[in-house]
Amino acid sequence: MKTKLRHSILGGLRRVLILLLVVWTVVSLVTLLIELVPGDPAVAILGEQATPEQFAQFREKHGLDRPPFFFSFPRDTNGERHFVWHGADNRYTDYWAALLRGDMGRSFRNDRSVKDLIFERYPATIELAIFAMLIAILIAIPLGVIAGTNRGTLIDNAASVIALLGISLPSFVIGPMLVYVFAVKLRWLAPSGRFEWSDIILPAFTLGAALSAILTRMVRSSVIEELGEDYVRTARAKGLNERTVVYKHVLKNGLIPVVTILGLQLGVLLAGAIITEKIFGWPGLGLLLVEDGIGKRDYRVVQGCVLVISMTYIIANLLTDMVYRWLDPRIRVS
Amino acid sequence: MNRLTIIGLVIVAVLVIVAVFAHWIAPHDISTTNLAMRYLPPSSEHWFGTDSTGRDIFSRVVFGARISLQVGLVVVAVSALIGTLMGAISGYYGGWVDRFVSGYLFNVFLAFPGLLLAIAMVAFLGAGLNKLILALCIIGWVGYARLIRGQVLKVREYDFVQAARALGASDARILFIHILPNAIQPLIVQASLGMAGAVLSEAALSFLGLGVPPPAPSWGVMIEEARDLSTLQAAPHALIFPGIAIALTVLAFNFIGDGLREYLDPRQRTR
């Protein structure tokens, strides 16, 4: 018992350590990515015509006049590179220090706090991801169960074809097609924006389509696998009707792998939301990243969005892992 | 081999022929615009119709196959090569190399949504075909590395490896002559699925304006150009045909990957 406890504590510590390393790497990457920008960000933002004073003021305001990292290899007047040590007084530590205070810098374009910009948009993305997941579950569980319990029949094959379509049609094809059918032809729904409650239907369906396809296949194979287990025979022998057997016993066990996929997919949904939000002009983080950040070359906004989306992804994965361990005690031991 | 795999192989064969002989197959120039001929529906002259600037969609889809396959091949080849090397070294030597590669690098790359990393990189580097390929390789190698590491860990323990070691073979010889050829089989499955992934990612990034810049006939660019409301209203075919092209390509490589997996792992055949 004692060794088991020590084992689980060590395992927990190891996971925390890996998590910290991952977070450190992601933040460092995001911080240093700005150094990849070809040329000078100040020129990209202000344009070639700006005066030297404007450039200097811009660089100072956003800390761009400071050395990028602990050391650098600048060229001297003869064009040769030399190693220079800058110490802790650099942009990398600036960014970290600011982050620890909860500050993600100010937009290069409109001088607003990146944190405010992001958290204005964050709820819309979460709303979209949750609705997409709900739609996916509502489609996948009945479809997967029906396909799995009617294995090899016409219904099963039809469900497989639908699932295959969902997997191979990317969101940027499904989305515009839905816009064509429901907004252009039938005029039932608006093609873009977030004003009416009904505006979430098309984006959520677009974002959830691939997930519902993956889930349908998983639920189907889970159901097929579980139906062959002994406890199913016991339940049937007890005289339970097939409905109770399938929905109460089989589904409960069969959903364990599905939960993992759902959790892992929450992160994928958040990343995939970038495309969906662009298609439907859905004012979430993805649209902020693509239009305000990348489109206007506002690198601070890009940094902030990438950081927040990755952190959400990491946290979603962590929670999934925990739920998975709680659901299936066998994993806790091993 | 099952039916779906054969369908997949046929589609890929057609795609390759179309991509290689695009110049002979495409009936029209892909960049000549003619506003008098915009939004034409499919006809015998323009099989897939014309787009919002009067360009022939069939010809553009044909040349789009070239971009997709090119990106897919380069990305898969480079990521598979890097991934195999990293995975093999990590699995074979173990120790701190393995701790760094599998304990740290794998975790970091898995913790990051791949598409987001690609978007971020291209956002800072600037759009373009080469940068797109670079970004996709950087996110792509991990899958191959994990696979090969696992395989090498398994094959490393086989008797013939012990025998080679007893005969005094060098590490490099054991790894490249004895272990890798026996570990590499599942890589083919991964590569096939990787082609599907790369084609999708290329189209997605081009759709976002971060991949191949217009007027190049990337399928992603074509879809982006076809999705504004006036084009959707007048010419839905401008969206549908490149969409079908992407779906068929992705489907075909997935079919091949699944078929190969079943073929290589007979235990799965019964399912």
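How many residues of chain B are in contact with chain A, and with how many residues there? I looked this up first: 41 residues of chain B touch 45 of chain A, contact being heavy atoms within 4.5 Å.

I noted the conventions. This is a predicted model, where local features need pLDDT of at least 70, side-chain atom pairs count only at pLDDT 80 or more, and totals for chains, interfaces and linings use all residues. Residues are numbered from 1 along each chain as its sequence is written, chains are lettered from A and ligands numbered from 1 in the order in which they are written, and side-chain values use heavy atoms, with hydrogens and water left out.

Next I checked the area. Chains B and A bury about 3800 Å² between them, 80% of it on carbon and sulfur atoms; buried area is the accessible area (1.4 Å probe) that two parts lose on being put together, summed over both.

Then I looked for salt bridges (a side-chain nitrogen of Lys or Arg within 4 Å of a carboxyl oxygen of Asp or Glu). I found 1 between chain B and chain A. Arg217(A) pairs with Asp258(B), with the closest N and O atoms 3.9 Å apart.

I asked which elements of chain B supply two or more residues to the side touching chain A. They are α4 (95-111), α5 (114-125), α9 (185-207), α10 (219-226), α11 (229-234) and α12 (237-264), helices being DSSP runs of H or I, at least four residues, numbered from the N terminus. The largest share, 10 residues, comes from α12(B).

Last, I followed α9(B). Just after this helix, Gly209(B) takes a positive phi of about 85°.
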